[in-house]
Amino acid sequence: MRIRDFHILIAPPLFWLLLFFAIPLGLILLYSTSPQDIHGGVLPGFTLEHYRRLLDPVYVAVYTKSCIYAVTTTAITLAIAYPMAYFMAFARNSVKMAVLAMVMLPFWTNFLVRTYSFVIILAQDGLINTVLLKTGIIEEPLNLLYNTFAVYIGFIYGNLPFMLLPLFAALDKLPQSHLEASMDLGAGPLRTFLRITLPASAPGVAAGLIFVFIPTFGNFVVPEILGGTENMIIGNIISRQFLESRNWPFGSAMSATLVMLMLVLISIYIRFFDPMNKKNLSAA
Amino acid sequence: MAATNTSRANDLRVGSSLWLKMLTVAGLVFLLLPLPVLIVYSFNADRTVTHWSGFSLAWYGAALTNQQLWLSIRNSLFIALCSATVSTILGTLAALVLTKYRFRGRTLFQNLLYIPVVLPEIIFGLSLMILFIMIRLPLGFVSIICAHVTFQLAFVALIVLARLYRFNQHLEDASLDLGANRLQTFYYVIFPIIAPALFSAGMFAFMLSMDDFVITLFTSGAHSATLPLFIYSKVKYGVTPELNAVSTLLIVFTILGLAGAALLQKAMVISPLLKRVMACIGGAILLLLVTTSLMSRDQEVLNLYNYAGYICPGIIADFEKETGIKVNQSYYNSNEELFARMTMGASDYDLIVPSGFMVQNLIKLNMLAPIRFENIPNARFLDPAFCQVSFDPEGQYHIPYTYGSSGILYNSNVIKEPVVSWSILWDPQYKGRITMLDDMRETLFAGCKRAGVRLQDWNVADLERAYLALAEQKPLLLRYDSGMIESLLLSGASVLSHYWSGGAMRLQMQHPHIRFAIPREGVAMFIDSLCIPANARHRDNAERFINFLISPEQSARNMEDICYVMPNKTAIGLVKAEIRTMMENLVNADPTSLELIEDPGEYNKTMDSVWTRLRSQ
């Protein structure tokens with residue numbers, strides 16, 4: 001085929017991605033091994049001091065905590081999203097489209113604003129407490145805001161669509177005939193689910209896990225708006241190194257560890273479920 | 001998708017059980033609940049965001065007349081339009097290459113394209129910030145657009161790829177066989193077929209750009225605050241229902257925009273004429289945005305970089321009228337943000353308002369121009385105690401603007417005992433109704449006071465004692481907060497708050513039962529100064545403005561508006577009596593109890609670990 005002549009088309013996007021994505025990630029590595037300039041930025045030189053500092057129990061505890069948050073959020077989000085995606089995949093076309101539109105709707109308002117709206121919903125004199133007090137279900141307002149619970153609500157809320165959509169895309173491709181065949185051949189509903197539906201949804205689950213786990217790990221906005229006295233996680237600490245403590249190399253070292261983690265997860269994911277292969281995309 | 005849908009007659013009744021439906025409905029309610037809540041509470045007459053006290057349109061008035069909001073919307077639209085255009089072109093190229101050619105390194109290219117989708121935004125943002133500083137690209141519109149294009153690329157490529165994979169290759173072959181050259185084939189055959197995908201990809205990229213906060217936070221410059229940045233500074237540094245009004249307007253506009261885009265997409269397929277008309281309109285909008293953002297260049301200007309709401313708007317208006325100099329304001333949220341922008345070497349400010357410790361830093365780095373006092377005769381009204389200070393011993397580089405302190409803001413209906421000491425913030429009877437500032441320096445200072453040590457000694461063992469004091473206090477706290485303090489206090493959720501004097505007095509003016517106290521052990525004082533950067537292009541205008549601002553009449557007017565005290569005895573005498581009495585506890589405070597904190601330098605690291613330990617465990 002006429003291959004050679006349009007090869008040059010790749011140059012602009014490739015150049016762009018190298019300059020604005022690959023090189024900056026490399027710079028983070030460079031910064032993370034440079035001495036700190038207390039006026040902001042770095043000094044020339046090489047040091048592993050910042051990585052050593054990461055081993056301080058204070059920061060190890062932060063990593064552990066962030067990990068717990070990310071894992072729990074991912075698990076709960078999956079548990080909520082799976083039944084919804086299952087329902088959507090097998091619903092009538094009109095219902096399917098309506099639900100899909102409703103899932104997408106909140107996307108069109110700003111994420112910060114949506115997170116902040118939970119302050120109104122969960123506050124002591126907020127929506128839930130007012131309703132519960134007025135109806136006499138509770139006597140004293142519940143403490144729903146500014147604690148770990150509120151942070152989870154914010155995380156789950158923000159991530160639910162990112163779990164739901166890939167799950168739905170995967171389940172929607174599962175032909176009904178496979179289920180019929182399984183049932184006809186004598187498998188019960190549970191067995192059909194485990195042997196047919198679950199494997200068919202695996203690419204969606206994997207994509208959902210990636211889309212939820214990694215962003216939650218680096219999120220700093222939700223704990224800041226909804227969190228209490230002890231809900232600071234990695235994202236908050238990284239942003240403070242740059243915006244408050246003027247310790248760029250330390251912030252870079254923390255970021256570099258996150259990038260490593262992400263690259264490992266992504267390569268596992270791409271290895272097993274190539275998101276850009278022809279089959280996946282043409283069916284979408 | 002169509003093929004599978006028709007086969008779903010669903011004789012098995014899969015996925016139709018009641019519990020599935022209930023779970024789905026519950027999930028949807030959870031997803032959609034914030035929208036009506038935001039809209040309903042935008043009509044709240046109350047100043048607090050959580051407490052409903054009646055219907056009012058006042059917040060819409062406030063939102064619509066907020067100049068900062070409109071500027072940020074304009075910036076956001078401009079950035080979204082430019083970045084969506086560039087990313088649609090680049091993303092389409094990438095998709096074309098990926099479908100048409102097999103080449104070495106294809107997988108690598110694919111991953112390079114795909115990974116930005118899942119990279120945590122904060123890392124994306126700060127890695128780009130480091131790059132821009134390194135290559136000395138001024139932070140501003142260009143840097144934001146470059147950043148946005150990078151994360152939009154993957155989405156555009158994915159959408160276009162999906163379309164191209166379904167594209168019938170024979171059409172292209174036929175066109176080439178019939179003698180069309182490659183360009184003609186692209187223009188007449190491929191382009192019309194993938195045009196709808198390009199349109200949706202562009203729309204999606206546009207929305208991503210409009211919504212992005214984290215990456216923009218790290219890559220924006222002085223005059224390029226976007227809408228999400230505006231919203232963030234509202235959420236973080238003072239929430240009122242105005243934010244709900246802004247959000248409601250946004251929701252309405254996006255729904256209208258989406259409906260319009262859907263109609264447009266339908267129409268585009270039908271009428272080539274309409275396509276041309278739309279292209280013209282799009283071009284015109286772009287041109288308009290570019291010209292308005294480039295305008296006002298040749299006029300006499302003054303670029304003022306300040307905290308939002310930290311100067312009386314009337315003074316600026318009068319100054320503009322009197323001198324014909326146009327004052328361009330942009331805003332920052334903290335000294336560190338100001339410093340970061342200044343050190344990036346790409347700033348274009350004529351007048352900045354740093355705090356003392358930051359002035360010291362900037363002097364050390366030779367980043368300030370000496371003040372030419374012959375141009376500022378009104379400097380004679382200033383209190384000399386504030387001109388020659390530890391951070392600028394000769395008083396050459398700064399003009400003191402305001403001073404204040406943190407202290408204790410409390411609800412006098414609940415707190416009947418006199419508030420005289422920091423120890424009240426450790427009183428268990430107010431458990432769960434106390435807030436401390438979400439500010440490392442201030443809160444560690446308070447902890448030091450409680451532990452009976454001095455923060456300024458920069459001593460590690462002392463800091464450990466402060467940590468223990470703060471750890472002991474933590475179970476009593478509602479939260480560490482800087483933005484919701486006023487709302488929490490007015491709604492009764494909190495009764496004691498660690499807060500800044502100026503915000504405290506502004507609240508006290510409207511709600512007399514809220515009082516502000518300066519603890520006898522001492523408070524951290526700050527002096528915010530007017531400084532002129534060494535590279536300022538309009539130094540004369542800056543000095544003219546300073547002189548105007550510190551005249552006793554204008555200073556008095558400014559104090560009445562922002563409620564921060566200016567070190568100008570003559571001006572204080574002119575302030576309205578009720579505000580003056582409020583300011584007296586600060587003006588007449590024992591000078592030794594107002595402690596000026598210098599830049600901690602290396603010690604910052606120690607403070608940072610202690611603060612991390614406190615806040616994460």
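**Exercises on a predicted two-chain model**

The buried residues of helix H16 (residues 335-343) of chain B are B:Asn335, B:Leu338, B:Phe339, B:Ala340, B:Arg341 and B:Met342, where buried stands for 20 or more other C-beta atoms, placed from the backbone, within 10 Å of the residue's own. Helices (H or I, at least four residues) and strands (E, at least two) are DSSP runs, numbered from the N terminus. The model is predicted, so that local features need pLDDT of at least 70 and side-chain atom pairs pLDDT 80 or more, while totals for chains, interfaces and linings use all residues. Residues are numbered from 1 along each chain as its sequence is written, and chains are lettered from A in the order in which they are written.

**Exercise 1.** Find the elements against which the buried residues of H16(B) pack.

**Exercise 2.** Describe the side of chain A that touches chain B.

**Exercise 3.** Relate domain 1 of chain B to domain 3 of chain B.

*Solution.* An automatic or database domain assignment places domain 1 at 63-272 and domain 3 at 403-526 + 600-616. Their C-alpha centres lie 44 Å apart, and five residues of domain 1 are in contact with five residues of domain 3.

Definitions and conventions
Contact = placed C-beta atoms within 7 Å. Buried ≥ 20, exposed ≤ 12 C-beta atoms within 10 Å, placed from the backbone.
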